[in-house]
Amino acid sequence: MDKLALLYERMKKLRESGVKMKEISEETDIASSVLSSLYSSVLPMYVNLLSSGTEPEASLDQALQQVNNVSKRKLLGCLDDIEKEAVRYLPNAGIYAGLYLAYSTSSFSDGLKVEPYMITSITDGNTMPKVYSQNMSGDYYVGIGLFSPFQIGYLMFNEQKRLQLALKAIYLQLPILEYPDLIKGIYLTHDYNRNPIARRILFVRQGDEIPLNEFAELRTRVISKDQIETEEERAYYDYTCHTEDIIKSMMLVSPDKNIDDLRREKRILGFL
């Protein structure tokens, strides 16, 4: 691919990942206004002209005529610096690809829930990986993963296969390691009464990603507290299943709608 066109694709991925042009500007000593002009005006027109059959030299000259703060000499002179920083900021989601077992507390019993998850490699044409999870009934859900280069990751699913939205989101604190064995996070979902709940979750790597038909054969299970046998499972239970590891909110209907509702909610939750 043409070097300028490749740079434009990388800058688009940066924007999709939440990286601001100002952040790259501070690393390259190139004004953020110049980077913004390149991204919003020069490079899009350059790519469009190339696709219509215009020669690269003529395409660049015509694209630069749109702005007055970027010269051809300046652009070509700083191209390598911009590309180097763009690559550094792009998230490398591939190092988290693989099969995992996720451990968290069960919603309906005092036990450790064990869920299969899979993070897949990014395929051509996509900017984020597909992710999969299994529920208790044996259905798997397909979602998307967002991985920032700043040790933040999100896995997002719709737990309803119909059009109704029931968002399950997992916030991951990504370690500064390649192919980590253990990732911790916060699991945001709903209980069986559709009340919002947050809990701790641990992802333990099992190996590389597997074919989807094999993943579909895996099952989520719950290990009750008195059936935990291994030291690892006990450690996972202790980290995720204590009362203080769960944050829950209830939907209350009250004619008063004042601070007393909040106090009543906390009293009720204390009995659960």
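Biologist: Which residues in H2 meet which in H3?

Modeller: Met21, Lys22, Ile24 and Ser25 in H2 meet Ser32, Leu35, Ser36 and Tyr39 in H3, where contact means heavy atoms within 4.5 Å. They divide into four nonpolar, three polar and one charged; Ala, Val, Leu, Ile, Met, Phe, Trp, Tyr, Cys and Pro count as nonpolar, Asp, Glu, Lys and Arg as charged, and the others, Gly among them, as polar. Helices (H or I, at least four residues) and strands (E, at least two) are DSSP runs, numbered from the N terminus.

Biologist: Is this predicted or what, and how are residues numbered?

Modeller: This is a predicted model, where local features need pLDDT of at least 70, side-chain atom pairs count only at pLDDT 80 or more, and totals for chains, interfaces and linings use all residues. Residues are numbered from 1 along each chain as its sequence is written, and side-chain values use heavy atoms, with hydrogens and water left out.

Biologist: OK, next pair. Which residues in H3 meet H4?

Modeller: From H3, Val42, Met45, Tyr46, Leu49 and Leu50 meet Pro56, Ser59, Leu60, Gln62, Ala63 and Leu64 in H4. That contact has nine nonpolar, two polar and no charged residues.

Biologist: Switching to pockets: how much space lies in the second largest pocket?

Modeller: About 430 Å³. A pocket here, on a 1 Å grid over the protein atoms alone with a 1.4 Å probe, is an open set of points with protein on both sides within 12 Å along at least five of seven lines; lining residues have an atom within 4 Å of a point. The volume is the space filled by probe spheres set on the points, which are joined across faces, edges and corners.

Biologist: And which residues lie nearest its centre?

Modeller: Lys113, Asn135, Glu159, His190 and Tyr192, out of 23 lining residues. Strand E7 (182-190) gives the most to that lining, with three residues.

Biologist: What's the lining like by class?

Modeller: Six nonpolar, 10 polar and seven charged residues.
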